[in-house]
Amino acid sequence: MSSEELACKLQRRLRLETRAETHQDSPQAAPCTAPAGHREPEPPAPAPTVSADSELNLKLSSRLNIHQGAVRSRRSKVFNPYTEFPEFSRRLLKDLERMFKTYDAGKDGFIDLMELKLMMEKLGAPQTHLGLKNMIQEVDEDFDGKLSFREFLLIFHKAAAGELQEDSGLLALAKFSEINVALEGVRGAKNFFEAKRDSKAEWACYRCNYSAQCVMALNKRSA
C-alpha cells in the first residue's frame, strides 16, 4: 500500500471519530482524491438498444395506407357483402358465397394458393405458380397471400366493371365460372341465367325440328 493511500485512510478514520465524539448524525466519509497515476475503472458500456425508427416508420406507413384506402384495416367492422357490394343481388351473393365455400377446402374463410390452383383446374383454366400468385396479388388488399370472401367478390366486381386485363387469370376465373357476371354485367346476371336456359331450350327445339325435317326428306327420297 502506498503512503498516499495510507494517509488518505487515516484522515478518513480521524474525521469519523471526530464526528462520533460530537454526536453528529450518521457519519459520511469525505471524498478522497485518488492518488496520482490511479485510474478509476470505466463504467460498462450500455447495451446496444434496437432503434425504433424503422418500426415507427412501418406503423406510420400502414396507418397512412389505411387512411388513404390503399389497405383495409384488420380492425375494421365486420364485413357485410350486402352493404359493401350493393350492385350485387342477394341471390348472386349467395351463389358467389356458395362457390367460395366450395373451394375453401380448409374451411378457414380463405382461399389460399393451392386451393386457387385446384379451382382453376376445375374450371378448365389451369395457371402456373407465378400466374396464381399474380391473381392473388391483383385483389389482395391486406397482403396476406390469400383470398378472403371480400377479395373474392372483388374479382367479379372488377370483371363486371371491365377493370381486368384480357390475359388476367382473374378474368378467366370470372369467365369460366358458372356465375358469369363478367360477360353479362352485375345487374344482368339474372338475365344471363334466364338467357342461358332459353338458349338451351331453343337449341333442343332446333335439334328436334332438324331431325324431323331430315326424316321427312329421307321419306321423300325413298318414295
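Modeller: Contact here means heavy atoms within 4.5 Å of each other. On that cut-off, residues 24 or more positions apart account for 49% of the chain's contacts with a separation of 6 or more. The model is predicted: local features need pLDDT of at least 70 and side-chain atom pairs count only at pLDDT 80 or more, while totals for chains, interfaces and linings use all residues. Numbering starts from 1 along each chain as its sequence is written, and side-chain values use heavy atoms, leaving out hydrogens and water.

Biologist: How many helices and strands are there in the chain?

Modeller: Ten helices and zero strands. Both are DSSP runs numbered from the N terminus (helices are H or I, at least four residues; strands are E, at least two). Read along the sequence, the pattern is α-α-α-α-α-α-α-α-α-α.

Biologist: Why is the pair of Phe85 and Phe88 called tilted?

Modeller: Start with the rule: rings of Phe, Tyr and Trp (its six-membered ring) pair if their centres lie within 6.5 Å, and planes under 30 degrees apart are stacked, over 60 edge-to-face, the rest tilted. That rule gives six aromatic pairs. For Phe85 and Phe88 the centres are 5.6 Å apart and the planes stand at 50 degrees, so the pair lands in the tilted class.

Biologist: Which parts does the pair of Phe100 and Phe152 tie together?

Modeller: Phe100 lies in helix 4 (residues 90-103) and Phe152 in helix 7 (residues 149-160), so the pair links parts that are 52 residues apart in sequence. Phe100 counts as buried at 5% relative accessibility, and Phe152 at 0%. Both also belong to one aromatic cluster, made of Phe79, Phe85, Phe88, Phe100, Phe149, Phe152 and Phe156.

Biologist: How do you know that the charged end of Lys146 sits over the ring of Phe110?

Modeller: A charge sits over a ring if NZ of Lys or CZ of Arg is within 6 Å of the ring centre and within 35 degrees of the ring normal. The charged end of Lys146 is over the Phe110 ring, 4.4 Å from its centre. Another case is Arg90, which lies over the face of Tyr82 at 4.1 Å from the ring centre.

Biologist: On to the packing, then. Why is helix 7 called roughly perpendicular to helix 8?

Modeller: Two packed helices are described by the angle between their axes and the distance between the axes. Axes are lines fitted to C-alpha atoms, for helices over the stretch in contact, with angles running from 0 to 180 degrees between N-to-C directions. Helix 7 and helix 8 (residues 169-176) pack at about 85 degrees, axes 9 Å apart. Angles of 65 to 115 degrees count as roughly perpendicular (under 35 is roughly parallel, over 145 roughly antiparallel, the rest oblique), and therefore helix 7 is roughly perpendicular to helix 8.

Biologist: Which residues make that contact?

Modeller: Phe152, Ile155, Phe156 and Ala159 from helix 7, and Leu170, Leu171, Leu173 and Ala174 from helix 8. They divide into eight nonpolar, no polar and no charged. Nonpolar covers Ala, Val, Leu, Ile, Met, Phe, Trp, Tyr, Cys and Pro; Asp, Glu, Lys and Arg are charged; the others, Gly among them, are polar. Ala159 counts as buried at 6% relative accessibility.

Biologist: At what angle do helix 5 and helix 6 cross?

Modeller: Roughly 105 degrees, where the axes of helix 5 (residues 113-122) and helix 6 (residues 129-139) come within 10 Å. That makes the two helices roughly perpendicular as well. The contact involves Leu113, Leu116, Lys117 and Met120 of helix 5 with His129, Leu132, Lys133, Met135 and Ile136 of helix 6. By class, that is six nonpolar, one polar and two charged residues.

Biologist: Where does Lys107 lie, and what is its phi?

Modeller: Lys107 is in the loop between helix 4 and helix 5, with a positive phi of about 55 degrees although it is not a glycine. Most residues other than glycine have a negative phi. At 61% relative accessible area, Lys107 is exposed.

How values were computed: Buried means under 20% relative accessible area, exposed over 50%, partly exposed in between (1.4 Å probe, protein chains only).
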